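Hi everyone, thanks for coming. Have a look at the model on the screen, and I'll walk you through a few spots in it.

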Amino acid sequence: MPSDPGLRRLALGTLLAAFPGTAPPGWALDLTAEGLAGHTLFGRNVDHPDQVAAATAALREARPDVLVAIDEEGGDVTRLAHATGSPYPGNAALGAVHDIALTRRVYHAIGNELAAVGVNVDLAPTVDVNTADDNPIIGTRAFGADPHRVAAHAGAAVEGLQAAGVAACAKHFPGHGATIADSHLELPTVDVPLDLLRERDLPPFAAAIGAGTRAIMTAHIRVPALTGDAPATFSRAVLVDLLRGEYGFAGVVLTDALEMKGAAVAAGGIAPAAVRALAGGADLLCIGARVDADLVELVVAEIVAALRDGRLDPTRVEQAAERTAALAAWARVAAPVRATGTDLGYAAARRAVQVEGVLSALDTPLVVQLFASSTIAEGRVPWGLGPHLGSAEQLGVVAAETDAETLRSRAAGRPIVLVGRHLHRLPGGPELVETLAGSHPVTVVEMGWPSRWRPSGVRAFVTTYGASHANGRAAAELLGLTS
């Protein structure tokens, strides 16, 4: 069957692609000129600010109203600072400080940095309420576990970003905070009644909508009471009846990456997932990070085929493309970029640090960082106290492969500072900490989600509420370890 340029352009207008490298290749520019809604930038696309600005300028030369999106949450999820760690402390730390004006200022600063390099959509803030200590994917990305606190910060974050002329995208609707599975790897289930969602998970989204968020991202989670066996990304009950009907959202519904197994496996592939997401009420489809021209063409062909065979109503796809175009039109009128003091994020991180116990003098301690894997959302971003240490010795170990006697011997009478992320669930971590603390002066620095677990026998337990560059510096300063 011959191609239909009108249907092709309609399909392209609903897609966020991505490309490898630090400059957009020819195919990415050509598709942008044809009508592709935009691209998402990842760490592999970022080298330095001037390079990012040149890349976004090249996309805008192809089409001035292209959307350029990025996951810049601050804290543990950063793309602009993926090589060093973010200079901002992240949501959990901001929630711990609980200064609404500070959250607004931090997000305004992030928005200014994005606007300065030509990014006009931030796939942030994360407004999930992290009610599961063992949540493997949200954790410190959340402002906290209390819906009202998270809601207050969600609204402030949206206001801060959008005051800088960068569209906010609150995520992950209808709430990823109660899951104990990672939707990058499988389809998590939140098996609760709608009334509990309204009470626990949805208030932050209501606050973000009230603050005028331009976009909301879907969650690849299953909520049986609403979605049956499918993810929320494909559910009209979630995206149309609940989000638009009950909560009155009129902006762009943007999907989480369709390459994630929570969506792709459920639909039988990325291209079928795109069709199901559009049918379910999504407007802008994030394909993912591993994208090339062939994959974009595959998705476009599937959408066009669905328009022809009746799986997709043309009116539904036209509505999606119109909402996406309206977002692009808003994003073209950016607020002036105003300089922000570079110390803002570091000062915020210092305010977030909490200490339980007594910080005794740490005279040339042995700093031991316990290896912890990163999530796909975080990527491999440096973390810990290492970049901030003066003369203190640092050792990296795998908890399950290290015994306490080895560390005691290495310390040779010096105090030990144990640094970890999510220590309560790190294989071998709790046992190593408690065994060592039973016969040696130990201070623990927890840089992950602050669970209720506290090891016995430690001199002090320091919580940073995140592992960004700013969080690490704040902890090192508090411990007197900076040069």
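Let's start with Pro-125, which sits in the loop between β4 (121-122) and α6 (147-163). When I say helix or strand, I mean DSSP runs, helices being H or I with at least four residues and strands being E with at least two, numbered from the N terminus. The peptide bond joining Ala-124 and Pro-125 is cis, with omega about 10°. There's another cis bond between Lys-171 and His-172, again with omega about 10°, and His-172 is in strand β5 (residues 167-173).

Quick housekeeping. This is a predicted model, where local features need pLDDT of at least 70 and side-chain atom pairs count only at pLDDT 80 or more, while totals for chains, interfaces and linings use all residues. Residues are numbered from 1 along each chain as its sequence is written, and side-chain values use heavy atoms, with hydrogens and water left out.

Now, what does the record say? An unreviewed UniProt entry carries the annotation "domain: Glycoside hydrolase family 3 N-terminal" for residues 31-325. UniProt positions are in the numbering used here, feature names are shortened, and annotations may be inferred rather than shown by experiment. In the model, that span is 46% helix and 9% strand, and its end C-alpha atoms lie 16 Å apart.

On to helix packing. We describe two packed helices by the angle between their axes and the distance between the axes. Axes are lines fitted to C-alpha atoms, for helices over the stretch in contact, and angles run from 0 to 180 degrees between N-to-C directions.

Take helix α1 (residues 5-12) and α2: their axes come within 9 Å and cross at roughly 110°. So α1 and α2 are roughly perpendicular. For the cut-offs, under 35 degrees is roughly parallel, over 145 roughly antiparallel, 65 to 115 roughly perpendicular, and the rest oblique. Arg-8, Arg-9 and Leu-12 of α1 meet Leu-31, Ala-33 and Glu-34 of α2, where contact means heavy atoms within 4.5 Å.

Next, helix α2 (residues 26-34) packs against helix α3 (residues 49-62) at about 40°, with the axes 8 Å apart. That makes this pair, α2 and α3, oblique. The contact uses Leu-29, Thr-32 and Ala-33 from α2, plus Ala-58, Leu-59 and Ala-62 from α3.

Is Ala-93 buried or exposed? Ala-93 counts as buried, because its relative accessibility is 0%; buried means under 20% relative accessible area, exposed over 50%, and partly exposed in between, using a 1.4 Å probe and protein chains only. Ala-93 lies in helix α4 (residues 91-97). Leaving out residues up to four places away in sequence, Ala-93 touches Ala-352, Thr-464, Tyr-465 and Asn-471. The C-alpha atoms of Ala-93 and Val-353 are 7.8 Å apart, though 260 residues separate them along the chain.

Let's follow Asn-471, which is in helix α18 (residues 469-478). Asn-471 also counts as buried, at 0% relative accessibility. With the sequence neighbours up to four places away set aside, its contacts include Pro-89, Ala-349 and Met-447.

Last stop: backbone angles. His-98, not a glycine, has a positive phi near 55°. His-98 is in the loop between α4 and α5 (100-116), and counts as partly exposed at 37% relative accessibility. Ala-412 isn't a glycine either, and its phi is positive at about 50°. You'll find Ala-412 in the loop between α16 (404-411) and β12 (416-420), and at 62% relative accessibility Ala-412 counts as exposed.
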